[in-house]
Amino acid sequence: MATKVHVGMETEMNGNGVPETFKNNWKKRLIEFSGKMKRSPSWLWRTIWKVGREDPRRMIHAFKVGLSLTLVSLLYLMEPLFKGIGTNAIWAVMTVVVVLEFTAGATLCKGLNRGLGTVLAGSLAFLIEFIATKSGKVFRAVFIGAAVFLIGTTATYMRFFPYIKKNYDYGVVIFLLTFNLITVSSYRVENVLKIAHDRSYTIVIGCGICLFMSLLVFPIWSGEDLHNSTVGKLEGLAKSIEACVNEYFNDSELKENQEKSSEDPIYKGYKAVLDSKSTDETLALYASWEPRHSRHCYRFPWQQYVKVGAVLRQFGYTVVALHGCLLTEIQTPRSVRALFKDSCIRLAGEVTKALMELANSIRNRRHCSPGILSDHLHEALQDLNTAIKSQPRLFLGSNNNQANNMLALAAAHAARHNKPEKDGHGVSLSSVKTDSSALMEWKTKRASEQAKENERKVLRPQLSKIAITSLEFSEALPFAAFASLLVEIVARLDNVIEEVEELGRIACYKEYNPEEDEIIVKCEKPPVDVAKNQLPTHASD
């Protein structure tokens with residue numbers, strides 16, 4: 001049965017008047033939905049397993065949050081506790097949900113900020129209420145409104161102070177919230193101060209449970225995460241450099257590398273370094289709130305880890321440029337690259353050894369080996385220099401005469417097609433034509449000019465290609481860029497070593513001992529400028 005829907009359009013209807021195409025689409029959607037539902041359990045299990053396998057501490061943190069919520073729920077579930085606290089127990093539950101974080105430093109930061117903000121806000125609200133109750137109702141309303149405006153404006157403006165924004169921003173927010181709740185509610189509600197007093201108790205209970213879980217039950221330290229991430233970044237850069245140089249001299253893998261640049265180990269190695277700025281600063285901030293891990297040091301230099309991360313990012317930019325040499329359109333022939341393969345691989349191997357030694361020194365909290373910049377690195381650099389100097393013709397080019405001839409040909413083409421037309425610019429009075437003939441001539445002339453302009457536009461890129469080809473850029477020029485970046489990596493390696501050695505000096509790393517028979521700890525007080533840049537280690541700081 002066919003029913004006309006519109007002029008020139010027909011659709012098939014079933015017995016109930018429903019279009020067949022509509023029915024078929026719904027069948028396909030139902031089949032796809034049922035297939036997704038069947039696959040969802042396996043997908044969910046794979047996701048759970050992957051997340052837990054990447055970091056098993058996530059399961060520990062989830063267990064601690066569940067246990068903490070169960071403990072604060074006892075304030076509601078147990079009758080004696082509920083009679084003493086009442087419905088204000090919900091504030092303890094809210095505190096656990098908001099304050100308990102993944103690491104101990106983050107929990108300490110938020111918990112102490114919340115407690116400090118609540119205490120200060122409650123004390124100030126008590127003072128405002130004491131002054132307001134001594135006056136009349138009208139003056140009391142005006143006084144409360146003025147106090148709310150003044151405190152709110154001042155506290156909000158203080159949030160823009162760099163030090164307060166970095167360390168106590170959450171505490172200022174809690175201070176504003178608590179102060180306004182108590183002060184404004186006190187005008188209409190009786191015994192509001194008693195209610196605030198009870199809520200403060202429940203908030204303290206919630207913070208206490210959070211701190212207990214974070215510090216005593218399988219603690220997760222932000223400082224350890226920052227320490228391990230620094231080690232991982234050094235190892236990632238070392239692997240990236242080694243893989244990059246090996247692939248550069250393996251022509252069979254260049255095309256695959258160009259197609260999968262975001263999946264290869266080179267990209268993964270330096271990506272973690274380039275994206276680490278915000279993570280390092282956050283971990284350093286939280287680590288400054290954690291208890292001291294060593295009794296030998298005046299203050300552990302978490303900010304020095306941030307400086308090491310900044311130097312590693314500068315180092316990583318060169319590795320990114322080195323990786324870009326593998327992805328360029330113009331590549332040095334494999335036969336030319338083979339002339340410098342051994343020296344480049346040797347130099348990259350020495351740089352990799354130095355980076356791995358730095359990673360091991362930070363991991364084991366010891367000073368670097370005295371021979372980290374050994375003679376082997378300088379010898380490898382000298383070998384590369386000698387190999388480049390031994391092939392001067394590769395870097396100077398060999399077809400200069402042919403290049404000059406091709407350039408001359410390109411210039412002749414450009415001059416011939418850019419030559420102005422004499423007849424088009426001159427005015428001839430020898431023949432005066434009618435309007436119609438003049439119009440036809442103008443149209444013909446205009447069409448010829450447009451055709452020539454289009455020809456020049458098409459010819460221009462061709463001439464550019466001829467010029468580029470005729471220049472006969474040295475076949476080794478792309479390799480020269482690769483080699484210069486490799487030398488730049490060696491130069492920037494000194495900056496990385498200096499920062500790591502400074503970290504070991506301030507953090508009181510043990511002296512390097514190849515046999516590890518004895519541990520010699522040498523600690524010296526950090527300079528004044530370094531100590532001032534450090535964040536407080538305890539809340540009392």
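Predicted model: local features only at pLDDT ≥ 70, side-chain atom pairs only at ≥ 80, totals over all residues.

Guide: The structure holds 17 salt bridges.

Arg57 forms a salt bridge with Asp225. Their closest N and O atoms are 2.7 Å apart. The pair ties together distant parts of the chain. Arg57 sits in helix α2, and Asp225 in helix α10, which covers residues 222–248. Arg57 has 27% relative accessibility, so it counts as partly exposed. Asp225 counts as buried because its relative accessibility is 16%, and the cut-off for buried is under 20%.

Next comes a pair from two other helices. Glu129 and Arg140 meet through their side chains in a salt bridge, at 3.0 Å from N to O. This pair, too, links distant parts of the chain. Glu129 belongs to helix α5 (residues 104–132) and Arg140 to helix α6 (residues 137–158). They are 11 residues apart. Both Glu129 and Arg140 are buried.

Glu488 and Arg492 form a salt bridge, with 3.0 Å between the closest N and O atoms. Both residues lie in helix α22. They are 4 residues apart, about one turn of the helix. Glu488 is partly exposed, with a relative accessible area of 32%. Arg492 is partly exposed as well, at 25%. Elsewhere, salt bridges with shared partners join Asp55, Arg57 and Asp225 into one network.

Now a charged residue without such a partner. Glu290 is buried yet has no salt bridge. Glu290 does make another approach: its side chain reaches the backbone nitrogen of Ser222 at 2.5 Å. Glu290 is found in the loop between α13 (277–289) and α14 (302–324).

Helix α2 also has a nonpolar side to its story. A nonpolar surface patch of about 860 Å² includes Phe63, Leu67, Leu71 and Leu74 among its residues. Two elements give two or more residues to the patch: α2 (57–77) and α4 (90–99). The largest share, 6 residues, comes from α2. Leu67 is one of the residues in helix α2. Leu67 counts as partly exposed, at 32% relative accessibility.

Back to helix α22, which spans residues 477–506 and contains Leu477. Leu477 is partly exposed, at 44% relative accessibility. The C-alpha atoms of Leu477 and Gln331 are separated by 8.8 Å. Along the chain, these two residues are 146 apart.

Last, the cysteines. The structure holds 0 disulfides. For Cys325, the closest cysteine sulfur is in Cys244, at 7.4 Å, which is too far for a bond. Cys325 is buried, with a relative accessible area of 10%. Cys508 counts as buried too, at 9% relative accessibility.

Conventions: Residues numbered from 1 in each chain as written. Heavy atoms only, no water. Buried < 20%, exposed > 50% of the residue type's maximum accessible area, 1.4 Å probe, protein only. Lys, Arg positive; Asp, Glu negative; His and termini not counted. Salt bridge = Lys/Arg side-chain N within 4 Å of Asp/Glu carboxyl O. Polar contact = N/O pair within 3.5 Å; in protein donor to acceptor, adjacent residues only side chain to side chain. Patch = residues over 30% accessible without salt bridge, like charges linked within 9 Å, V, L, I, M, F, W, Y side chains within 5 Å. Areas by Shrake-Rupley, 256 points an atom, 1.4 Å probe, with all protein chains shown as cover. Disulfide = S-S within 2.5 Å.
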